[in-house]
Amino acid sequence: MSGLDDLPSLAKVIAAHGLAAKKSLGQNFLLDLNLTEKIARQAGDLTGSDVLEVGPGPGGLTRGLLSQGARRVLAVEKDPRCLGALAEIAAVSDGRLEVINADALEIDAAALLTPPIRVVANLPYNVGTELLVRWLDPGQWPPFWDSLTLMFQREVAERIVAQPGGKAYGRLAVLSQWRSTPRIVMSLPPEAFTPAPKVHSAVVHFTRLEAPRFPADGKTLFRLVAMAFNQRRKMLRAALKGAAPDIEDRLRAAGIAPTERAEQVSLEQFCALARTFTEGKA
Ligand code: SAM
């Protein structure tokens, strides 16, 4: 990996390529290569895997993924200013790094990769959440990826892993935990980034489940969960009134008291409720 070790520091790369961070692209760069290697390690054993990296920027995390032995890295970056810096990494990657200049929301990167595939990204929050929803709720399951290792605002990471009974528990927790096991594996202070954002960040590692944790039709489950949490302070018999005229019976059949609020309902209970719509009342 000596070629990688001989590359200039990321601060020098940013200066040489004029990569002043653009707010519009959510650019908060990681410049500490020890840190980017540590993040890459959270993705698991990369030696036999293809990696999809979204938003490589100047390439700190990309270097980490390559030095952790990734079989191949496909890096999708929207900002063309970053391409020169990324080409320098590709030149010493033994053909393992390919860079695409594109909006990650608009391309089918999975079609360009060979399983097993791990997704790793330090993305702006808005794009990250949208991609997360697509990765967790694709047309078919199992999805193209084996694991996702993604940076989020700490508060979003806490919503992803939240359990019933608290304010953080909601749609994102149900979506994330129904078909994967998410874990917060690292916390990062604002100073870890250049420029420093206002909030703390955290890395979440998602391991996919081969089949959903509890049986349910995804569309029905997500529709009910959205309705329930849209009016999270209301009792479920009121929040879900529009879902079915006999919603109270369905709630009871799923083991949920109609007077409970969404925050109290477990993933297993939401799945049981969804099944009353596809299997008839229990
Ligand atoms: N991975 C680098 C790091 O850790 O230093 C950069 C992280 S920075 C938070 C986010 C990166 O995502 C930027 O390089 C930005 O240009 C890129 N980006 C933003 N929106 C994107 C999109 N829709 N598709 C691909 N890349 C995007």
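## Surroundings of S266

S266 touches P164 and Y169 when residues up to four places away in sequence are not counted, a contact meaning heavy atoms within 4.5 Å. This is a predicted model, in which local features need pLDDT of at least 70 and side-chain atom pairs count only at pLDDT 80 or more, while totals for chains, interfaces and linings use all residues. Residues are numbered from 1 along each chain as its sequence is written, and side-chain values use heavy atoms, with hydrogens and water left out.

S266 sits in the loop between α11 (247-253) and α12 (267-278); helices (H or I, at least four residues) and strands (E, at least two) are DSSP runs numbered from the N terminus. With a relative accessible area of 23%, S266 is partly exposed, on a scale where buried means under 20%, exposed means over 50% and partly exposed lies in between (1.4 Å probe, protein chains only). From S266 to Q68 there are 198 residues in sequence and 38 Å in space, C-alpha to C-alpha.

## Domains and their contact

The protein chain is divided into domain 1 (2-208) and domain 2 (218-278), with bounds that come from an automatic or database domain assignment. The centres of the two domains, taken over C-alpha atoms, are separated by 34 Å, and the contact takes 13 residues from domain 1 and 16 residues from domain 2.

About 1,100 Å² is buried between domain 1 and domain 2, and carbon and sulfur atoms give 70% of that area; buried area is the accessible area (1.4 Å probe) that two parts lose on being put together, summed over both. Y169, R171 and W178 supply 49% of the area that domain 1 buries against domain 2, more than any other three residues.

## The largest pocket

The largest pocket has a volume of about 940 Å³, and of the 42 residues that line it, L25, G26, Q27, L123 and P124 are the closest to its centre. A pocket here is an open set of points on a 1 Å grid over the protein atoms alone, where a 1.4 Å probe fits, with protein on both sides within 12 Å along at least five of seven lines, and lining residues have an atom within 4 Å of a point. Grid points are joined across faces, edges and corners, and a volume is the space filled by probe spheres set on the points.

At least two lining residues come from each of β1 (29-30), β2 (50-54), α4 (60-67), β3 (72-77), α6 (125-136) and β6 (147-153). By class, the lining has 23 nonpolar, 12 polar and seven charged residues, where Ala, Val, Leu, Ile, Met, Phe, Trp, Tyr, Cys and Pro count as nonpolar, Asp, Glu, Lys and Arg as charged, and the others, Gly among them, as polar.

## The second largest pocket

The second largest pocket holds about 210 Å³ of space, and its lining consists of V133, D137, R171, L172, V174, L175, F222, V225 and A226. The elements giving two or more residues to this lining are α8 (171-179) and α9 (218-230), and α8 gives the most, with four residues.

Seven of the lining residues are nonpolar, none are polar and two are charged. Domain 1 and domain 2 each provide at least three residues of the lining of the second largest pocket.

## Backbone features

The peptide bond from P115 to P116 is cis, with omega near -5°, and P116 lies in the loop between β4 (97-101) and β5 (117-122). A cis peptide bond also joins W141 and P142, with omega about 0°. D94, although not a glycine, has a positive phi of about 55°, and D94 is exposed, with a relative accessible area of 72%.
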